Amino acid sequence: MTPDDPLQAPLGDLPGVGPSRAAALASAGLHTVEDLLLRFPLRYEDRGHIVAIASLRPGVATVSGEVLEAEVRPTRRPRFTVFEVTVGDASGTARAVFFNQRFLAQVFRPGQQVVLHGKVEWTSLGAQFQSPQYEFVDVTALSDGDSVHTGRIVPVYERIGPLTPKLQRDLVARALDRLPESITDPLPQEARRARGLPSRREALLDTHFPPEGTSVEVLNAFRTPAQIRLILEEFVLFQLALAEQRARVVTRAKPHRVEVSEATRALARRVLPFTLTPGQKEALRDIVTDLQRPTPMNRLLQGDVGAGKTIVALLAAVVAMANGLQVVLMAPTELLAEQHARTVAARLADTPFRSVLLTGSQRSVARRDALACIASGEAQLVIGTHAVLEDPAIFNRLGLVIIDEQHRFGVGQRARLRSKGALPDVLVMTATPIPRTLTLTAYGDLDVSVIRDLPPGRQPVLTTARPEVRREEAYAFVREQVAEGRQAYVVLPIIEDSDKIDVRAAVSMEADLRAGPLAGLRLGLLHGKLKAAEKQAVMQAFVAHALDVLVTTTVIEVGVDVPNASVMIVEHAERFGLAQLHQLRGRVGRGAEQSYAILLFERPLSEDARERLKAMTDTTDGFVIAERDLAIRGPGDMFGTRQAGMPTLRIGDLRRDQDLMTEAHAMARVLMEHLPPDAVSRRLARQAWAGRFNLAQVG
Ligand code: ADP
Ligand code: MG
């Protein structure tokens, strides 16, 4: 953009914007003319139909007439005034009242032509407007349709401190007046033409001051061609920016080559204890195809809890190891890393490959041994927490990095991994159901494989939500299931890294259960403040069925796999997020037996909590849950962290505009293919990454 680009002019340059207004605008993040224009109205009002005063009915209406009288009326209540205006047209007169706006006496003068828009009530004195919007016009301007505040569909902006919607409308109108005939357009003409979208200039004009005949309903749904164009512009820039990020790495060839020989296939079969589901097969095919490419894989493997992602990852690892490469498998918790280490070691027993566990809490001897195995290449598969990445451990030939259950492992960390120079293939796995739009947003730089089916014989977890007063019943059910040889989880709402008080609550809860409703059963307690070895011991006892019930905090939220556990009770379920409840529930229903989840809640329930519990009892489909979660929480909260790579959006709304993000993703793909790197759109996108989308620190 040129320095004298009028869109980049500071708002202080606009007539009517002095230092204090400029400061108010800046406080809302509006610095330049472009900032102001790329801010959608909250909504639109149709003030286009001017009616004869004599035909006014109660409701919302617009009239145009002459000010006949205007005066302040004191009332009986001290300091409460009513300002009253009488307006007349050829058909009759109506009154308008404004409360406590004495200053209006300086504004309204008999003889002025005014347009009023607002709510009309019926009084003993006839039609009366209640605090209407007003605008003084000269009659000719009105007939030209040149009016800003009335006589048309008008935009209503969110108030910014002292800046009323009306004042902002004035500013926007002034800014639009000064728009030059030609402005830089990040959407190339061919792309616009294919979609029938207006130019940027036209879109700005029509978004703020819609032409006559535009539907107010469509405007308020933000789906006019002008609005769609501006939303798409933002999304396409974002998707282009992501693609630029991605182009920086995927064009570089990785240092290793992967081939799939008959011997490799035979090894893979030895690892596989069952037949893969069609979804698993397809995902594996995607991954193995990527592994064989000259450029690094960047793939997200999505699959609902229990879909069987681990085995797919392990098979991919076998392919890499068969090609002489080392593999890292990272889990978000030590508990999960240990579980993986156990199952993986068992599966690899019949192969020449060895795995080692590397965690922060390991004793130094074990750790030194593990590091030595890694350095010598004796161990081909390293399993650990994310700390592995920070470890000075030198990988001999790191070829594949698998990141399990980590939706927060964002663009930035992936970039950091690559910056270590290794250019490994990267597979990110998540069961956190993510709506497609958000996948395209937070993971737009990844290819995606989805496992939609579950291993055979799984039955949906029967889920009920019950008030706490029915706790006894719930625990009686646990006893029944245990008597039948099953195991159970009791989940407590404790935040893992919170203070000791919560831990005490967990300890006393377990004691209460032991002494009360679960007396005589074998109980174990698991929480984040236990030492790693203690945690591991408890978990192993539960896996070995030396415990009947695991009383636990959310440490078991992700990944834990004990197929014999068939009941889960969630205490204070109202305090958990929806995605979290879904993850937790995924700990049961992993075997052939019917499983149950009982969500105990305490009243009163907030509206959101009620929605969450309802979603849980309505469905076990993670993707449906994800959409509901998005609707309840909004996209910001779903990830909650900048590092997840969620952009700051000005116009687009990831809830409202999911379809447009999908479209933008496709458009950006085409643009990346056809535009040279120095094309305006691509340059703007690169600038927007750190600037407008505020994603500098994530890669
Ligand atoms: P997630 O996708 O949640 O990580 P896991 O990989 O932990 O799921 O698999 C869940 C359970 O299903 C494990 O006990 C696993 O052994 C089993 N499993 C996975 N795939 C199959 C399959 N194709 N047939 C039978 N059982 C399977
Ligand atoms: Mg898993």
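**Close-up views of a predicted model**

At 31% relative accessibility, Arg347 counts as partly exposed, where buried means under 20% relative accessible area, exposed over 50% and partly exposed in between, with a 1.4 Å probe and protein chains only. The model is predicted, so that local features need pLDDT of at least 70 and side-chain atom pairs count only at pLDDT 80 or more, while totals for chains, interfaces and linings use all residues. Residues are numbered from 1 along each chain as its sequence is written, chains are lettered from A and ligands numbered from 1 in the order in which they are written, and side-chain values use heavy atoms, with hydrogens and water left out.

View 1. Arg347 lies in helix 12, helices being DSSP runs of H or I with at least four residues and strands runs of E with at least two, numbered from the N terminus. Apart from neighbours within four places in sequence, Arg347 is in contact with Val271, Pro273, Phe274, Ile311 and Leu314, contact meaning heavy atoms within 4.5 Å. Arg270 is 77 residues from Arg347 in sequence, yet the C-alpha atoms of the two are 8.3 Å apart in space.

**View 2. Packing of helix 12 with helix 19.** Helix 12 (residues 334–348) packs with helix 19 (residues 532–543) at an angle of about 50 degrees, and their axes are 10 Å apart; axes are lines fitted to C-alpha atoms, for helices over the stretch in contact, and angles run from 0 to 180 degrees between N-to-C directions. The two helices are therefore oblique to each other, a term for angles that are not under 35 degrees (roughly parallel), over 145 (roughly antiparallel) or 65 to 115 (roughly perpendicular). On the side of helix 12, Glu334, Leu335, Glu338 and Arg342 meet Ala532, Lys535, Gln536, Met539, Gln540 and Val543 of helix 19.

**View 3. The aromatic pair of Phe80 and Phe99.** A search of the whole structure finds ten aromatic pairs, counted when ring centres of Phe, Tyr or Trp (its six-membered ring) lie within 6.5 Å, with planes under 30 degrees apart called stacked, over 60 edge-to-face and the rest tilted. Phe80 and Phe99 form a stacked pair, 5.9 Å centre to centre with 20 degrees between the planes. Phe80 lies in the loop between strand 2 (59–74) and strand 3 (81–89) and Phe99 in strand 4 (residues 92–99), so the pair ties together parts that are 19 residues apart in sequence.
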